[in-house]
Amino acid sequence: MSVIGLCACLAVAAQTATSSSAQGRQEHIHQQGHKVMPFSLERTLHIFRMTETGGSMQVVIRKPGVEDQLQSIQRHLLHMRARFSSGDFSTSASLHGADMPGLKELEAGASRMKVSYLPLPNGGEIRFEAGDIGMITAIHRWFGAQLSEHGADALAQ
């Protein structure tokens, strides 16, 4: 086998391993999500929006008119807003792992960001706002990790 052929085989193997690893991680999150979220991942969608000052995370019902998840979503997000405001990101760590990108910075810098909650007709939203680039970057990294690991249960806007 030539050096080029060997390199091509190694590249395909690495890509397959990375793809399988990501898919396995998404399956884990989908299967374990009920342990930290009191609503159905199948019936809801996480929407992440990165902004110049931080961003927002929404959880909304996928199908209009099917509002059996609404109260659970809103109660959970209101509770999570309070925890995030105080630097408690243990729920994220328990599902995604303690080494999740951005997590340590968010825990340490919680006093440097504003976290607010907004109920929506089809779910709820948590907004994260910060004035320094370090915190904004941590929010964006944290959102990116969630987008990657939630797979089809998440969307970037």
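Student: Which side chain does Asp68 meet in a salt bridge?
Tutor: In this predicted model, the side chain of Asp68 meets that of Arg43, at 2.3 Å from N to O. Asp68 sits in the loop between β2 (54–61) and α2, whereas Arg43 sits in the loop between α1 (3–32) and β1, so the pair ties together parts that are 25 residues apart in sequence.

Student: What counts as a salt bridge, and how many are there by this rule?
Tutor: The rule asks for a side-chain nitrogen of Lys or Arg within 4 Å of a carboxyl oxygen of Asp or Glu, and by it the count comes to seven. The helix and strand labels come from DSSP runs, H or I over at least four residues for helices and E over at least two for strands, numbered from the N terminus.

Student: What else was set as a condition on the model?
Tutor: Because the model is predicted, local features need pLDDT of at least 70 and side-chain atom pairs count only at pLDDT 80 or more, while totals for chains, interfaces and linings use all residues. Residues are numbered from 1 along each chain as its sequence is written, and side-chain values use heavy atoms, with hydrogens and water left out.

Student: Which residue does Glu125 pair with in a salt bridge?
Tutor: The side chain of Glu125 meets that of Arg49, at 4.0 Å from N to O. This pair links distant parts of the chain, with Glu125 in strand β4 (residues 123–130) and Arg49 in strand β1, 76 residues apart. Glu125 counts as buried at 3% relative accessibility, whereas Arg49 counts as partly exposed at 29%.

Student: And where does Arg141 go?
Tutor: The side chain of Arg141 meets that of Glu105 in a salt bridge, at 3.6 Å from N to O. Arg141 lies in helix α5 and Glu105 in helix α4 (residues 103–108), so this pair ties together parts that are 36 residues apart in sequence. Salt bridges that share partners also join Arg49, Glu125 and Arg127 into one network.

Student: Switching to α2, which residues are buried there?
Tutor: In α2, the buried residues are Leu70, Ser72, Ile73, His76, Leu77, Met80 and Phe84. They lie on the same side of α2 because they cover an arc of only 150° around the axis, taken over the directions from the helix axis to the C-beta atoms. On the other side of α2, Gln71 and Arg75 are exposed.

Student: What span does α5 have?
Tutor: The end C-alpha atoms of α5 (residues 133–150) are 25 Å apart, which agrees with the 26 Å that its 18 residues should span at 1.5 Å a residue, the expected span being 1.5 Å times one less than the number of residues.

Student: What about confidence, on average?
Tutor: The protein chain averages a pLDDT, the predictor's confidence in each residue from 0 to 100, of 81, and 75% of the residues score at least 70. Over residues 1–20 the pLDDT is below 50, and beyond near neighbours in sequence this stretch has two contacts (heavy atoms within 4.5 Å) in the model. Where pLDDT is low, the predicted coordinates should not be read in detail.

Notes
Buried means under 20% relative accessible area, exposed over 50%, partly exposed in between (1.4 Å probe, protein chains only).
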